[in-house]
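Here is a short briefing for a reader new to this structure. Look over the sequence and the model first, then read the points below.

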Amino acid sequence: MEGVFLRVPVLLVCGNRSPYEDETVTFNSRLDPGKTQWMKIHDCSLPLDEQVAKVCEAFRLFLQGQGFVPLLNPVTLSQRRRLLALSVAGSSRVAETWLVSEDGRGDRQ
């Protein structure tokens, strides 16, 4: 099976204080640059433990770039979270609210 490679998109995430930063750079240099994204998150050594929100945003943008996630407006996302929190708290009025996106389409909550 020599010469057979998997060609999948790769997202490498590393913290700037990580002891494995050099290894991720080396690994990134061996991958196809058209299929690889490398990201260094500042002020952490373990991004999945210390900067979860940044990793989630990077992963969402990576998937969005691959066409797996529809384009989402961050304001709409925060509105949905706020409305969901209010509806969980028992507000029936919020449960019937329509959110209107930038293109004018609404989706019922």
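## Strand pairing and overall layout

Leu-12 has Trp-38 as its bridge partner in strand 2. This is a predicted model: local features need pLDDT of at least 70, side-chain atom pairs count only at pLDDT 80 or more, and totals for chains, interfaces and linings use all residues. Residues are numbered from 1 along each chain as its sequence is written, and side-chain values use heavy atoms, with hydrogens and water left out.

**The chain as a whole**

- The chain has five helices and four strands. Helices (H or I, at least four residues) and strands (E, at least two) are DSSP runs, numbered from the N terminus.
- In sequence order, the pattern is β-α-β-α-α-α-α-β-β.
- Of the 109 residues in the chain, 18% are buried. Buried means under 20% relative accessible area, exposed means over 50%, and partly exposed lies in between (1.4 Å probe, protein chains only).
- The accessible surface of the chain is about 8,500 Å². Carbon and sulfur atoms account for 58% of that surface. These areas come from the Shrake-Rupley method with a 1.4 Å probe; for residues, only the protein chains shown count as cover.
- Take the contacts between residues at least 6 apart in sequence: 47% of them join residues at least 24 apart. A contact means heavy atoms within 4.5 Å.

**Strands 1 and 2**

- Strand 1 and strand 2 run parallel and are joined by six bridges. Two strands pair if DSSP finds at least two bridges between them.
- Leu-11 sits opposite Gln-37 in strand 2.
- A right-handed β-α-β unit is made by strand 1, helix 1 (residues 21–30) and strand 2. Right-handed describes a path from the first strand over the helix to the second that runs clockwise, with the strands pointing away from the viewer.
- Pro-33 is in the loop between helix 1 and strand 2. Pro-33 is exposed, because its relative accessible area is 70%.
- Pro-33 and Val-10 are 23 residues apart along the chain, and their C-alpha atoms are separated by 9.6 Å.

**Helix 3**

- Helix 3 covers residues 52–65, which is 14 residues. At 1.5 Å a residue it should span 20 Å, and its end C-alpha atoms are 20 Å apart, so the two values agree. The expected span is 1.5 Å times one less than the number of residues in the helix.
- Its buried residues are Val-55, Ala-58, Arg-60, Phe-62 and Gln-64.
- The cover over the buried residues of helix 3 includes strand 1 (10–15), strand 2 (36–41) and helix 2 (47–50).
- Gly-67 follows helix 3 and has a positive phi, near 90°.

**Salt bridges**

- Side chains of opposite charge can pair when their charged atoms come close.
- There are two salt bridges. A salt bridge is a side-chain nitrogen of Lys or Arg within 4 Å of a carboxyl oxygen of Asp or Glu.
- One joins the side chains of Glu-21 and Lys-40, at 3.1 Å from N to O. This pair links distant parts of the chain: Glu-21 is in helix 1 and Lys-40 in strand 2, 19 residues apart.
- Glu-21 counts as buried because its relative accessibility is 19%. Lys-40 is partly exposed, with a relative accessible area of 31%.
- Arg-60 forms a salt bridge with Glu-57, and their closest N and O atoms are 2.8 Å apart. Both residues lie in helix 3, three residues apart, about one turn of the helix.
- Arg-60 is buried, with a relative accessible area of 15%. Glu-57 is partly exposed, at 36% relative accessibility.

**Loops on either side of helix 2**

- Asp-43 is in the loop between strand 2 and helix 2. Its phi is positive, near 65°, in a residue other than glycine.
- Most residues other than glycine have a negative phi.
- Asp-43 is exposed, because its relative accessible area is 55%.
- Gln-51 lies in the loop between helix 2 and helix 3.
- Leaving out residues up to four places away in sequence, Gln-51 touches Ile-41, His-42, Asp-43, Cys-44 and Leu-46.
- Gln-51 and Gly-15 are 36 residues apart in sequence, and their C-alpha atoms are 9.1 Å apart in space.
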